[in-house]
Amino acid sequence: MVKDAVSEKTIGLMRMQFWKDAVENIYRDNPPHQPVAIELWKAVKRHNLTKRWLMRIIDEREKNLDDKAYSNIHELETYAENTQSSLLYLILEMLGIKDLHADHAASHIGKAQGIVTCLRATPYHGSRRKVFLPVDICMLHGVSQEDFLRKNREKNVRDVIYDIASQAHIHLEHARSFHKNVPVKTFPAFLQTVVLEDFLKKIQKVDFDVFHPSLQQKNTLLPLLLYIRSWKKTY
């Protein structure tokens with residue numbers, strides 16, 4: 001929440017430093033008197049969570065305080081891996097799972113999550129006159145940041161969204177390719193794939209128009225879909 005809550009990078013860096021110090025002190029059994037830090041300390045003690053994943057999330061968020069677009073899709077994937085995938089690795093640890101296939105699946109799901117989040121937030125970022133979509137894909141289709149700020153819905157703009165959404169879909173399919181080898185008790189950690197798949201299907205239906213109003217509407221069937229997927233033990 002730091003990036004959206006501060007107006008100056010310096011203040012953001014100070015808050016990030018607070019969390020770095022907090023994590024260091026949590027692993028010294030001396031958490032700061034702050035509600036989230038105290039609960040995190042309890043979780044670390046209970047589940048023996050790996051410090052590296054927590055620090056990686058903070059470090060990557062800190063790098064991302066600059067309001068710059070990602071240079072390429074790989075840069076966006078790296079951000080997603082270090083934040084979303086790291087969080088999934090922590091959840092797997094909380095479930096008591098140590099499995100190479102589960103880790104591979106978590107890596108791809110995290111990348112898909114990061115890409116979808118970037119797409120979903122495009123209208124919101126545009127309203128704040130910011131664009132974070134990968135520059136290389138925009139240049140490939142002759143699209144400028146101004147096109148997104150003006151909510152241009154021409155074919156070349158939709159082609160940019162198609163390319164990015166396709167990459168998220170590829171990661172989702174890769175994650176599912178490990179399905180038969182992933183322990184069943186892992187699946188609750190991966191149920192977010194239902195939400196990712198829902199968004200990718202919706203954006204496909206509107207021909208990759210990221211500004212289409214339907215994309216801002218909630219799917220009331222999501223709880224049911226989550227229940228069915230949970231019952232079937234799939235992700």
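## Basis of the model

This is a predicted model, in which local features need pLDDT of at least 70 and side-chain atom pairs count only at pLDDT 80 or more, whereas totals for chains, interfaces and linings use all residues. Residues are numbered from 1 along each chain as its sequence is written, and side-chain values use heavy atoms, with hydrogens and water left out.

Four residues of domain 1 are in contact with six residues of domain 2, where contact means heavy atoms within 4.5 Å.

About 420 Å² is buried between domain 1 and domain 2, and carbon and sulfur atoms give 46% of that area; buried area is the accessible area (1.4 Å probe) that two parts lose on being put together, summed over both. Of the area that domain 1 buries against domain 2, Lys3, Asp4 and His47 supply 84%, more than any other three residues.

## Charged pairing between the domains

The count between domain 1 and domain 2 is one salt bridge, defined as a side-chain nitrogen of Lys or Arg within 4 Å of a carboxyl oxygen of Asp or Glu. The side chains of Lys3 and Asp67 meet in a salt bridge, with an N to O distance of 3.9 Å.

## Val2

Val2 is found in helix α1, which covers residues 2-5, helices being DSSP runs (H or I, at least four residues) numbered from the N terminus. Val2 counts as buried because its relative accessible area is 13%, the limit for buried being under 20% (1.4 Å probe, protein chains only). Leaving aside neighbours within four places in sequence, Val2 is in contact with Gly12, Arg15, Met16 and Leu65. Between Val2 and Arg28, by contrast, there are 26 residues in sequence and 25 Å in space, C-alpha to C-alpha.

## Ser107

Ser107 is found in helix α6 (residues 100-120), and with a relative accessibility of 12% Ser107 is buried. Its side chain is joined to that of Glu81 by a polar contact of 2.7 Å, a term that means a pair of N or O atoms within 3.5 Å, of which, within protein, one must be able to donate a hydrogen and the other to accept it, while residues adjacent in sequence count only if both atoms are side-chain atoms. Apart from neighbours within four places in sequence, Ser107 is in contact with Glu81, Ser85 and Tyr89.

Note on methods. Helices (H or I, at least four residues) and strands (E, at least two) are DSSP runs, numbered from the N terminus. Buried means under 20% relative accessible area, exposed over 50%, partly exposed in between (1.4 Å probe, protein chains only).
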